[in-house]
Amino acid sequence: MINSREPSPVHPVNFAAPRSFGTALKSDLKETLFPDDPFHEFRNEPPSKRTKKAIQYFVPIFEWLPKYNLRFFKYDLLAGITIASLAIPQGISYAKLANLPPIIGLYSSFVPPLVYAVFGSSKHLAVGTVAACSLLISSIIGETVSPIDDPDLYLRLVFTATFFTGILQAAMGFLRLGIVVDFLSHSTITGFMGGTATIICLQQLKGVFGMKHFTTKTDVVSVLRAIISHRHEWRWESAVVGIIFLVFLQFTRYLKQKKPKLFWVSAIAPMVVVIIGCLFAYFAHAEKHGIQIVGDLKKGINPPSLKLLNFDPKYISAPIRAGLITAFVALAEGIAIGRSFAILTNEQVDGNKEMIAFGFMNLVGSFTSCYLTTGPFSKTAVNFNAGCKTAMANVVMAICMLFTLLFLAPLFSYTPLVALSAIIMSAMFGLIEYDKAYRLFKTDKYDFLICMVAFIGVAFISMDIGLMMSVGLAILRALLYVARPATCKLGSIPNSSLYRDIEQYPEANGIPGILVLQLGSPIYFPNCNYIRERILRWVRDEQASREADQGSDIEHILLELGGVTCIDITGVETLIEILKALEAKGIKVAIVNPRLEVMEKLIVTKFVDVIGKQNVFLSIDNAVDACRFNLKRLKQFQDA
C-alpha cells in the first residue's frame, strides 16, 4: 500500500562554487589531526591569556597545580604511598622478567613518574613498568645479545630501545598521530595480553621450581621443553614456598572482588610477600635449601645513562625494533587505561598529550638508567581506588621510591626469586580475560578470530609476530569494509515520510517505477567496480522481482549519497559508467543529498552537468515526487 500524502516542499540544492584547495586542505587536516579541537579555548582571547592557556595545555601541571590544596593532598598522599608499596615489588619483579638488574626496576619507578606529573593529562594514571613490554624487550634484545653472557651490552641496548620508544611516542604526540594507535583494536589487545600472560606465567615456573638453567625463547613449546628437560633442577622447597605465596596473593584478589572496600589488602599484598620472603630467606638461610634470592642491591639514586646509549650499526636494529613495537603497545595500554578511569569520573584524557608525556618520560628515563614505563592497569586501579585526586600521587610515589633507593634498597637483597615469580603470576592471571574472549565469540566471530590469532601467535610463535599477524588481520578486515561497502534498497515507511532499509524494516513499501538505493561508504578506487556491479545487480534483481509480481518496470533510480563522505576521480568515472549503462536500459538516474566534499568533486569534474542539475535532490521525498510527476506526465503523453 502506497502512502497518500501531499508532496513535500522542494528545497533548492546548493550548487555553490567549490572551496579553494587551501581551504579544503585546511579543513581536512583539522579533522584528521585535531578532531577534538583542542584549541577551542584559545579563541577570542587576548594574546597574554592565549599564551597562558597554551602553556597550560602543553604542560598540564601549570593548570592543576595553582588550584591545588591541602584537601587534595590528603587523598594523593594516601594513594601515593599505597601505589609505592606496589611499585617496589613490581619494579623488582618486572626487571627480573626483562633480565635486568633488580635495581633498574626501582630506578624506573622514581624518575618517570615525576616527568608524567608535569606533562600527563590523566589524574588517575600511575606510572610504572609493565610485564608485556618487559618480556617484549627481553625477547627482542635477547635475540641479539645474551643478558647472561654480556649483561653490560644488553643493558645498554635496553636503554637505547627505551630512547627510541620515547622519540617515537613524543613525535607521534606532536604530529597528532593518535590515529595510528587505533589500529591496535580491542580484540588484538585482548588476545595479545592473554598470550603474553600465558607465556609469562609459564616462564615463572623457573622461579617457582628454583631452576638455574632456562631458555631465552618466549614460545610455549620452548618454555615447556626447558621446564621438562631441566626437571632434575626442581627443588620442592622452592615450589612449596611459591605455592603458599601464590595462594595468599590470589586470596587477597578474591577478597577485593567480594569486598571492594578492602582493595588496599590486595594492593599491599605483594609488599607483604616481599617482606615476609626477605625475613624468611634471612633467618632460614634459604639459599642453602635451593631458594634463590635477588642478591646485592646498592643504595643511591639513578646514575646518568646518556653515555651508555649504544648506536653501533652492528646492534642498532634490535633496539629500534624493540622501541617501535613497545612504543605502540605501551601507548595502547596506557592511553586505554587512562581513558577507562577518566570515563568513571566524566572526564576526558587527550591521547596526543598522553603520547607526549609517555615520550618525554621514556626519553628522560633512558638518560637516567630507567627502562620502558607506561600506565599499568593494576597500579592505576589501586591509585583510583585509593582516592587520588591529581597527578601529585605520582610525585608522592616517586618520593617514596627516592627514600627507598637512598636508605632501604639493600634490605630487599634477600627477596626470594620465588616470591617475585608468585607476584608476577598472580598479576598475570588477571590479564587472561576469558569472559571478554567469550563475549567476542558470541557477538562477532571475526573479532574473536583476530583475538585468537594474537593469542596463538604470541603464545606459540613470538610476541612481535603474533602482534603483527593480529594487526594485519584487523587491517585486512578494514580493507574489506572499504572494498565491499554496504548498499541497501530503501522503501517507504507507511504513514510517514521516512525511507528505510527494506531488509531491516519489512513493512517498508517499494515505490512503483522507482528504485531507491543507499550507498553507505566513500566511493574509492578499491570499491568502484563492486559498487557498479552491485547497483546493476540490484536493478536486474528488482526488474525480475517486479516482472514476477506483474508490477511496473523500473524507470527511475535514486542514489542516496548521504553516507558517502568522499569520492575520488575513479568514483566519479564509475558514476558516469553507471549512468550510461542504466540510460541504455531506458532508466533515468538521480542522486540525493550529496555531502559537501562529494558535491564539490561532482561540480569540478562536470558530473553535475552530465546528469543535469534537475536530477540532483536534497531529499528522497523531493526526488520521489519529481519522479512521480515525470511518470504521470509520461503516462498522460502515452495515453494521448
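The model is a prediction in which local features need pLDDT of at least 70 and side-chain atom pairs count only at pLDDT 80 or more, whereas totals for chains, interfaces and linings use all residues. Residues are numbered from 1 along each chain as its sequence is written, and side-chain values use heavy atoms, with hydrogens and water left out.

The protein has 27 helices and six strands; helices (H or I, at least four residues) and strands (E, at least two) are DSSP runs, numbered from the N terminus. Its C-alpha trace spans about 115 × 65 × 55 Å along the principal axes. Of the 640 residues in the protein, 52% are buried, where buried means under 20% relative accessible area, exposed means over 50%, and partly exposed lies in between (1.4 Å probe, protein chains only). Contact means heavy atoms within 4.5 Å. Among contacts with a separation of 6 or more, 81% join residues 24 or more positions apart.

An open sheet of six strands has the order β2-β1-β3-β4-β5-β6, with mixed pairing; two strands pair if DSSP finds at least two bridges between them. The edge strands are β2 (499–501) and β6 (616–617), each of which pairs on one side only. Strand β5 (residues 588–592) is mostly covered, with four of its five residues buried. On one hand, β5 runs parallel to strand β4 (residues 556–560), and five bridges join the two; L558 has A590 in β5 as its bridge partner. On the other hand, β5 and β6 pair in the parallel sense over two bridges, and I591 stands opposite V616 in β6. In a regular strand the side chains alternate between the two faces of the sheet. Helix α23 (residues 528–548) lies across β1 (487–492), β3 (514–519) and β4, and runs at about 150° to β3. Axes are lines fitted to C-alpha atoms, for helices over the stretch in contact, and angles run from 0 to 180 degrees between N-to-C directions.

The helices can be followed next. Two packed helices are described by the angle between their axes and the distance between the axes. Helix α7 (residues 131–142) and helix α15 (residues 317–344) pack at an angle of about 160°, with their axes 9 Å apart. The helices α7 and α15 are therefore roughly antiparallel to each other, since angles under 35 degrees count as roughly parallel, over 145 as roughly antiparallel, 65 to 115 as roughly perpendicular and the rest as oblique. In this pair, C133, L136, I137, I140 and I141 of α7 meet A318, P319, R321, A322, I325, T326, V329 and A330 of α15. By class, the contact of α7 with α15 has 11 nonpolar residues, one polar and one charged. Here Ala, Val, Leu, Ile, Met, Phe, Trp, Tyr, Cys and Pro count as nonpolar, Asp, Glu, Lys and Arg as charged, and the others, Gly among them, as polar.

A second pair is formed by helix α4 (residues 70–97) and helix α19 (residues 417–429), which pack at an angle of about 95° with their axes 9 Å apart. That angle makes α4 roughly perpendicular to α19. On the α4 side, the contact includes P89, I92 and Y94, while L417, L420 and I423 are among the residues of α19 that take part. The residues of the contact of α4 with α19 divide into 10 nonpolar, two polar and one charged.

Several loop residues complete the picture. T129 is found in the loop between α6 (111–119) and α7, and counts as buried because its relative accessibility is 2%. Not counting residues up to four places away in sequence, T129 touches Q90, G91, Y94, S108, Y371, L372, T373 and P376. The C-alpha atoms of T129 and S108 are separated by 7.0 Å, although the two residues are 21 residues apart along the chain.

L308 lies in the loop between α14 (263–284) and α15, and is partly exposed, with a relative accessible area of 26%.

Finally, N99 lies in the loop between α4 and α5 (102–107), and N495 in the loop between β1 and β2. Phi of N99 is near 60°, a positive value in a residue other than glycine, and phi of N495 is likewise near 60°. At 38% relative accessibility N99 counts as partly exposed, whereas N495, at 78%, counts as exposed.
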